[in-house]
Amino acid sequence: MSDTTAKPDQSPVIAERIIDEPSPGERARKRMFSHAGFMFGMFVLLTIIAIAFLAPLIAPHDPLDQQLARKLIPPVWHDHAKATWVHPLGTDQFGRDYLSRLIHGSQISLLIGFAAMLISGVIGTAIGVAAGYFGGRVDMVVNFIITTRLSLPVVLVALAVVSLVGNSLTIVIWVLGLLIWDRFAVVMRSTTQQVRNLDYVAAAQAIGCSTTRIIFTEIMPNIVNNLIVVATIEMAHAIILEAALSFLGLGVQPPAPSWGLMIAEGKNHMLFDPWLVGIPGTALFILILSINLLGDGIRDVTAPENRN
Amino acid sequence: MLIYALKRLSIALLVAITVSLITFSMIYLSGDPAIALAGETATQQDIENIRKVYGYDQPIIVQYLSWLGGALTGNLGHSHYLKSEVSEVIFQRLPVTMTLGASALGFALALSIPLGVLAAMRPNTLVDRFALTIAVVGQALPSFWFALIMIFFFGVSLRWLPITGSSSWLNFVMPSIALGYYVTPAVMRLTRAGMIEVLSSDYIRTARAKGLRPVVVLFKHALRNAIIPVVSLSAVQFGFMLGGSIVIETIFAINGLGQLAWESILRADLPMMQAIVLVLSCFYIVLTFLADLLNAFLDPRIRVS
């Protein structure tokens, strides 16, 4: 504050001082590195993504190779004669190496989560921004579409549609993507409403920018933070839904190593071999947790004032 | 208020009609519903018969209108698999799912509102951190896995609770927790945010300044205002839980609408599937309508805008 009241002949010093101050980007980066949840989420998620990409290289066995001679070997931490470092996480009831299945399963979860999030993100953002920017009739129609979508029970409709259309990875991705865009639409609508009344949008309109240009160069850059936060929420949502669908037998089909499917297959052996359910469930939990922490972290870092 | 209510009602009716259209066209996703109903071993003659009996040979618009007309008069069709009226089966199963949903919501509110209030009273302290951790962990736990873990510990290892069926209230303890905890983070965050906002407002300062006991200020003055959005969120979440109970009911073998839905999906009982989606959607529409009205009643500012 004292800088602004300084005398004109000290201006070089002022300039220096202003330059010395951290830029908004630097400040955001500083907040990022000091935000424990963000760093943890980022680190874990990147690790899982790396594991998914390197799956064929790092998985010790073929995830689909069934050998009944080595079935239901417990993980190494079990004090059991059969436990061996050859199968660190043991094997399932078909004698497939559990660690390899877990590693390959990360590909399915991430692929479905990311693809379904992209589809729903495009739909939700398009109609949400349109509603927020144009208002009036468009807003009414979009609101109506959102309300209609919300009144359809997601899990039930997804299960029914997958059972009627047939279940493949692609179909599961599309069904989820076409169902979970509601949060994108709701959030993008309200943030666009806030941004479109700001002076710089009015200025862009005044100098005659086209609507497309205003939306893409004035509105979008200013709502992208919220967009990323919703994207993390919906990616986690899609991953949980896929696991639930696969768990009920109507998602990814065996023998694919989907984590939800692994839990379903392990369920019948849960009494004596609880790790069959515990391990893939823990993996799912860690993945969702890291995505959620990352999302919360991005929200805190980009808009600290919205934390509460 | 009346104008607001009528406006909401007309929107709700429009949504219901749209939902019925979507639900109706859902069965055509498989191509020919008669073939889907007949199964893999059916002959051409069987398929023709089914087409006639179910009216799939009529124009689609006629089919839709007769289905909608039936639905409005409580006739949701005939389940060829269960050999009984769809509406009868649904009304038999509905109370079970309602009980589950209500007790799940009860559990969620009993846990999340006190936690939210505590967190708001002492923001950024250990209590707040604890509440936040519960919220973050809760959101990351897949409910079906959480249900299995509970079955393993409380049902199989400790033998405290029955793991399947719906005969006594004990059967509902674990399913209610599994279904309800997922709602907890959202309700808790909303309570906390509302309480923090209200607690910093002028009338709370006045109430404190004139020497009211902290308990009275907290519950009579603050919570009453902070709870308004929670009421409508609860109604919405109750609707979500009825739809989401399909997973939980399947795991705990609870004889409700969710399990019926899953069984109907597995045996391609199309009229039953349609009816369940329609009934649950309409429930949600009614709940949000009531929540809107309640909100407008509690907060006059909403009525005006």
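Tutor: Begin with the elements. Helices are DSSP runs of at least four residues, and they are numbered from the N terminus. This is a predicted model. From the N terminus on, the elements of chain A run α-α-α-α-α-α-α-α-α-α-α-α-α.

Student: How many helices and strands does chain A have?
Tutor: Chain A has 13 helices and zero strands.

Student: What about overall shape?
Tutor: Look at the radius of gyration, taken over C-alpha atoms. For 308 residues, a compact globule would come near 19 Å, but chain A has 25 Å. The C-alpha trace of chain A spans about 85 × 50 × 30 Å along its principal axes.

Student: What share of chain A is buried?
Tutor: Buried residues make up 44% of its 308 residues.

Student: How do I read a helix pair?
Tutor: Compare the axes. Those of H7(A) and H8(A) come within 10 Å and cross at roughly 145°. The crossing is right-handed. The contact includes Val154(A) and Val165(A) of H7(A), and Ile171(A) and Leu179(A) of H8(A). Its residues divide into eleven nonpolar, no polar and no charged.

Student: And where two chains touch?
Tutor: Look at each side. The contact takes 35 residues from chain A and 37 residues from chain B.

Student: Which element gives the most to the side of chain B that touches chain A?
Tutor: H14(B), with seven residues. That side of chain B has 30 nonpolar residues, seven polar and no charged.

Terms used: Residues are numbered from 1 along each chain as its sequence is written. Chains are lettered from A and ligands numbered from 1 in the order in which they are written. This is a predicted model: local features need pLDDT of at least 70, side-chain atom pairs count only at pLDDT 80 or more; totals for chains, interfaces and linings use all residues. Two residues are in contact if their C-beta atoms, placed from the backbone, lie within 7 Å. Helices (H or I, at least four residues) and strands (E, at least two) are DSSP runs, numbered from the N terminus. Ala, Val, Leu, Ile, Met, Phe, Trp, Tyr, Cys and Pro count as nonpolar, Asp, Glu, Lys and Arg as charged, and the others, Gly among them, as polar. Axes are lines fitted to C-alpha atoms, for helices over the stretch in contact, and angles run from 0 to 180 degrees between N-to-C directions. A crossing is left-handed if the near helix is turned anticlockwise from the far one by less than a right angle, and right-handed if clockwise. The radius of gyration is taken over C-alpha atoms; the globule rule is 2.2 Å times the number of residues to the power 0.38. A residue is buried if 20 or more other C-beta atoms lie within 10 Å of its own, exposed if 12 or fewer, and partly exposed in between; C-beta atoms are placed from the backbone.
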